[in-house]
Amino acid sequence: MSWTLAALVVLTNSTPANAASVSDSAKKSFISSLVSAAQSSQRTYGVPASVSIAQAIVNTDWGTSALAKSANNFWGTRCTRSLTPTQFAALADAQVGKAYVLGAEAQASNPNPTKFDCSELVEWLYSRSGNKITDLAAAQYNATKAVSGSPKVGDLVFLRNNPARSNGIGHVAILTEKLSNGDWRIIEARGHAYGVVRTTLSYWKTRKYYAGLRRQSSFILAGTEGVVLAANTYSQQSSCISITTNGTSVRYSKYSSPSYSFAEHADQVANSSDYAAARAVMSDQSAYIDAIAKIEQAKTAADYAKKLRAVIADYNLSDYDVVPFNLVLVSGNSGEKVTALQYLLKKAGVSVSATGKYDSATVSAVKKFQSNKKLTSDGEAGPKTFDALFGTISSGASGDGVNAAKTLLGLVGYPVSSDTKLSGTTADSVKAFRSDQGLSASANVDSNTWKKLFMSITPAPTPSLTGTAQVAQTLKATPGTWLSGASVSYQWYRNGSAISGATTTSYTLQPEDAGAVVSFAATGSKPAMTSVTRRAATAAVAKADLTATPTPTISGTAKAGATLTAVPGSWAPAPVSFGYQWLRDGKPISGATAATYLLQSADIGTAISVKVTGTKAGYNSVSRTSASTAKVAAADLTKTTKPTISGTATVGSTLTANAGTWSPAPVTLSYQWYRSGTAIKGATKNTYKLVTDDSGKAITVAVTGTKTGYTEVRVVSDPLASVVKASLETAPVPTIKGTSKIGSTLTATAGEWKPDGVALSYQWYRSGKAIKGATKSSYKLVTDDGGKAITVAVTGTKSGFASATVRSAATTVALQSLSATPKPKLSGIRGVNHLLKATVGSWKPGGVTLKYRWYRNGKAISGATKTSYVTSSADRGKTLTFKVTGSKAGYKSVSVTVTAKIK
């Protein structure tokens with residue numbers, strides 16, 4: 001059978017919504033109703049019954065879902081068909097031309113039969129599409145009902161032409177396709193003369209024995225009525241059922257009993273390529289759960305798997321798994337299984353000694369038991385005999401049944417008590433064995449427990465170990481000869497915990513094994529048999545010795561402040577971890593436990609060495625001490641910055657020495673200031689205020705650094721530029737008081753100069769030029785000052801300070817007016833080529849300088865600059881003007897004119 005996952009729709013992958021409302025008794029009853037179906041599926045297909053039951057619980061809310069109650073559908077399996085209407089019609093049409101043979105049989109599994117009769121053609125087409133119908137036309141008529149409404153693909157047409165049948169039906173055909181003219185195509189196996197042919201519904205209706213159009217109610221094709229297309233050729237489903245959820249109807253498979261639902265799902269797991277991953281791990285319950293969850297609930301696989309595991313654990317569903325059992329013990333066998341068989345025979349009331357040998361007495365005992373149980377009395381202990389012998393031995397029981405269980409528990413490596421009671425160590429081992437086999441942790445020995453015990457792999461020898469139990473040594477295990485065909489795997493353990501990757505028969509002891517007990521386990525496995533593990537262990541593993549432990553050396557300079565470094569050398573086997581202890585004259589230095597050591601002042605004059613301790617997990621520690629250094633010398637300061645001086649080189653200013661950074665910090669610094677190379681008494685701070693004696697001198701500062709354990713260092717700055725005198729604090733601009741006219745006295749107001757004691761001197765200026773002798777605070781204006789800008793400069797002087805000269809704003813002296821400026825008079829004829837002469841009069845005061853100029857109609861006549869002028873033809877009709885200008889220092893210049901008209 002071939003399937004695709006499209007055939008499945010798992011209804012839920014969440015916690016059952018109704019689980020809380022389902023009583024415990026109802027849950028147990030639901031589980032009981034599924035056990036037989038699940039175990040039957042496991043026997044047929046190998047699917048674990050425990051997981052199938054768990055899925056049915058989770059998928060259907062403990063059987064409360066509509067599908068579970070009305071359709072025995074526990075996986076939400078969709079109603080499927082293998083053909084669509086178009087494919088069905090094509091398949092039917094492909095049979096046209098094949099032979100008609102009355103009574104011909106065409107198996108559903110045969111994709112291309114060569115012959116049909118009428119009813120076999122219908123049955124074969126139905127089966128190939130995933131539908132079921134009985135054989136014989138008369139029976140098919142009875143299995144169908146008359147069509148009401150429009151025909152559809154798959155409807156059957158009957159002829160009533162066989163009186164031998166109670167309903168008279170003797171021929172059947174099938175509708176396959178609606179034609180363009182509204183008629184329907186019919187395919188039929190008509191008879192020997194025709195074989196399989198095409199005809200039409202209209203043709204049938206005209207035939208004398210036409211018995212009508214009928215339909216099987218369960219006939220459905222894929223792609224119609226919500227049916228899913230799948231590649232199956234046969235289904236366990238009895239019919240289909242429609243479930244409506246949130247307004248959407250979906251067709252699901254309906255089963256006549258849980259067995260069919262379980263069988264169909266198991267068939268898919270066992271045969272569909274979609275389930276290959278799950279099929280590969282069906283023998284491992286946990287792996288199978290994970291695989292089936294990823295296939296059927298991909299989006300919530302982890303949550304779905306968790307829920308399956310929870311119901312399996314909560315309701316001990318693993319106890320329902322079918323345990324394969326094919327053991328047959330016969331005459332000549334020996335060992336623990338024979339001993340256990342003998343104890344079980346004794347428990348059943350058959351007298352036999354527990355010798356471990358299948359001798360004639362044992363054969364007779366087996367025959368007697370078989371006879372008592374009405375089994376074939378052949379003296380061989382096979383599955384049926386064991387099934388009859390097996391019974392449940394409850395916790396606390398005693399007797400031969402317990403002895404049988406103890407014998408088998410010992411065979412598979414579990415400890416047991418010395419008494420014959422199922423309690424204590426024996427009961428604990430039963431629980432442990434059942435848990436290891438995936439059964440519930442019960443101390444009761446039931447049928448499954450017996451099967452698991454008897455189906456254990458034998459022989460299963462105890463391995464032996466060779467080699468030295470010491471780190472870096474290799475242990476070798478000899479597993480012995482196991483049952484033929486058994487797969488034997490290996491695992492090494494450290495104090496009972498598996499060592500990752502250690503899965504061969506040899507193992508090299510690692511550092512982490514030191515002090516631990518290392519054991520080897522060989523586990524034999526074989527399909528359908530119970531795996532057996534045998535172990536062998538070492539004594540506690542001893543530590544190894546390091547193979548190379550060289551004497552360390554020291555690098556670095558033996559001087560205080562320097563760093564020494566321990567060089568441990570190449571220790572083996574690498575890697576080796578190192579611890580350090582520095583020694584001063586052979587004694588440990590507190591806290592000096594790093595690979596480096598900074599030499600201190602306390603180390604000066606002593607010899608330093610280092611002890612290196614090599615450690616490695618699993619190896620014995622070793623300590624080695626280096627040779628000592630030379631005696632430690634005082635250190636040199638690593639940084640001695642040349643100082644600089646900040647401040648203004650002016651008397652009265654304060655200078656600051658900037659020492660810079662000295663290392664290693666902290667370094668104590670001291671200062672000394674110098675004037676032209678001579679130490680200034682008392683100047684020993686980092687600041688110094690310049691005094692008068694510093695004027696013109698070069699100032700330097702020396703910084704001396706001291707630190708305990710270090711050599712003292714003195715560094716001198718570059719000299720400051722020559723010191724200049726200080727500036728006066730204030731030198732106000734002087735002002736001038738008095739009337740700015742000739743003959744008046746002006747007075748200079750110097751203002752308040754600071755500091756006190758500034759001597760003031762004066763100098764008066766006329767138009768920027770010093771006035772000779774004018775060096776007092778007052779000055780009388782003279783004639784030469786008229787019209788000039790007068791200023792005064794005040795100079796302040798004080799010992800130790802630079803002189804300062806400040807000039808006032810200018811004041812302009814007013815000019816005087818001339819006292820007499822007479823108007824000139826002209827004499828002479830006012831005509832061309834005549835001499836005109838001007839009389840200028842007497843100008844006052846004395847000393848007035850006069851200048852003359854003649855003008856023609858207002859324009860100066862070139863060269864006419866005297867008091868007389870001879871007229872020319874150019875002057876004819878013009879007005880001549882004579883101008884005399886008088887000027888005198890300190891006086892305003894004045895011009896006077898006279899005119900004459902020339903004829």
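Trainee: In which hand does helix 2 cross helix 11?
Mentor: Helix 2 passes helix 11 in a right-handed crossing, meaning that the near helix is turned clockwise from the far one by less than a right angle. This is a predicted model, where local features need pLDDT of at least 70, side-chain atom pairs count only at pLDDT 80 or more, and totals for chains, interfaces and linings use all residues. Residues are numbered from 1 along each chain as its sequence is written, and side-chain values use heavy atoms, without hydrogens and water.
Trainee: Which residues make the contact?
Mentor: S50, V51, A54, Q55, I57, V58 and N59 of helix 2 and Y304, K307, L308, V311 and I312 of helix 11, with contact taken as heavy atoms within 4.5 Å.
Trainee: At what angle do helix 2 and helix 11 pack?
Mentor: About 110 degrees, with the axes of helix 2 (residues 49–60) and helix 11 (residues 301–314) 9 Å apart. The two helices are therefore roughly perpendicular (65 to 115 degrees).
Trainee: Switching topic, how many disulfides does the structure hold?
Mentor: One, where a disulfide is a pair of cysteine sulfur atoms within 2.5 Å. C79 is joined to C240, S to S 1.8 Å.
Trainee: Why is the disulfide of C79 and C240 right-handed?
Mentor: Because the torsion about the S-S bond of C79 and C240 is about 55 degrees.
Trainee: Are C79 and C240 buried or exposed?
Mentor: Both C79 and C240 are buried (under 20% relative accessible area, 1.4 Å probe, protein chains only).
Trainee: And why does C118 count as buried?
Mentor: Because C118 has 7% relative accessibility.

Conventions:
Axes fitted to C-alpha atoms, helices over the stretch in contact; angles between N-to-C directions. Helix = DSSP H or I, 4+ residues; strand = E, 2+ residues; numbered from the N terminus. Parallel < 35°, antiparallel > 145°, perpendicular 65-115°, else oblique. Buried < 20%, exposed > 50% of the residue type's maximum accessible area, 1.4 Å probe, protein only.
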